[in-house]
Amino acid sequence: MLARGLHEDNRLSWNSATKAHNSHKGDQAGFLRGGGSTLFPEELELLGDVAGLRLVHLQCNSGQDSLSLAALGADVTGVDISDEAVEFATALSAGSGIPATFVRSDLFDWFDNADADQFDVAFCSYGSVCWLSDLGPWAAGIAKVLRPGGRFVIVDFHPTGTMFDRQWQIAYDYWNRDTTHDTIEGGVGDYVSFAREALVPWGYQEGLAEISDPRPCHLFTWGMSEIIGALLTAGLALDVFQEYPYTNGAVFGDGMREQPGRRLLPPAELPRFPMMYGLRALSPEPR
């Protein structure tokens, strides 16, 4: 069941948080204009060659990854619930000289109004599924907008990795079995200031000291079987599923160890467990 009232809280919270996030990132337009990319190898491998393809970036945030994909030759449309994020992404496109289209919409409203069979690729990544109040309409929407033979790619944080608090104690359920949600009264939070150069390798800046006027935000916890199951129920075919024992640029807790490529591992005394996953699902070809 969609929780649209909670989506509206999230929109307001992201509007505030996005200002703080981008205040730390300096001259992003110059970084992109100079050939820089915010994409990691995991999503590039799963996406494959996107040159000449129509690609929709779902929950695109402020457009940095969208424009990195457009620079590879994709015809990109980015969709995000945050007014601030879409406004910033539109300006970033103009400032970098990389064309893309950005749409401000609740993702589920966008799916309802979108034309069918219009994209070769649908993509989302890094903290996307946790904002979805219902996986059924999400997966059905992806299946709707993909052309026959198209592909959906996601790289996101594994639900196992998000069970821990910042001191690496298990504090959260793996599944959201009773369809409740977690509310954070302080809003989205400034995760960029935690990650620093791990997310801003071209030069982290202190930026805003705190997020002004935070709103509460609401997160939803889904297990891997629920995520994959929703995509299969929508008619997509699982092509690749991978798990990774690290995060890309995201600081989940104290004492994380940075490896080459801005991969971050938990403290060495912890056993290995999946912290990210990646999957590619295909829209069936017509018979």
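Reply: Cysteine 124 is buried, its relative accessible area being 0%, where buried stands for under 20% relative accessible area, exposed for over 50% and partly exposed for the range in between, computed with a 1.4 Å probe on protein chains only. The model is a predicted one, in which local features need pLDDT of at least 70 and side-chain atom pairs count only at pLDDT 80 or more, whereas totals for chains, interfaces and linings use all residues. Residues are numbered from 1 along each chain as its sequence is written, and side-chain values rest on heavy atoms, with hydrogens and water left out.

If a disulfide is taken as a pair of cysteine sulfur atoms within 2.5 Å, the count comes to zero. Cysteine 124 accordingly belongs to no disulfide, the nearest cysteine sulfur being that of cysteine 130, 11 Å away. Cysteine 130 is likewise in no disulfide, and its nearest cysteine sulfur, that of cysteine 217, is 8.7 Å away. With 23% relative accessibility, cysteine 130 counts as partly exposed.

The strands and helices come next; both are DSSP runs numbered from the N terminus, helices being H or I with at least four residues and strands E with at least two. Strand E2, residues 75-80, is mostly covered, five of its six residues being buried. Two strands are said to pair if DSSP finds at least two bridges between them, and E2 pairs in the parallel sense with strand E1 (residues 54-58) over five bridges. Leucine 58 has valine 79 in E2 as its bridge partner. From E1 the chain passes through helix H4 (residues 64-70) to E2 in a right-handed β-α-β crossover, a term that applies if, with the strands pointing away from the viewer, the path from the first strand over the helix to the second runs clockwise.

E2 also pairs in the parallel sense with strand E3 (residues 101-104), here over four bridges, and glycine 78 stands opposite phenylalanine 102 in E3. Together with helix H5 (residues 83-96), E2 and E3 make a right-handed β-α-β unit.

Finally, arginine 4 lies in helix H1, residues 4-23, and is partly exposed at 35% relative accessibility. Beyond its neighbours within four places in sequence, arginine 4 is in contact (heavy atoms within 4.5 Å) with Asp106, Phe108, Asp109 and Asp112. Arginine 4 and aspartate 106 are 102 residues apart in sequence, yet 8.7 Å apart in space from C-alpha to C-alpha.
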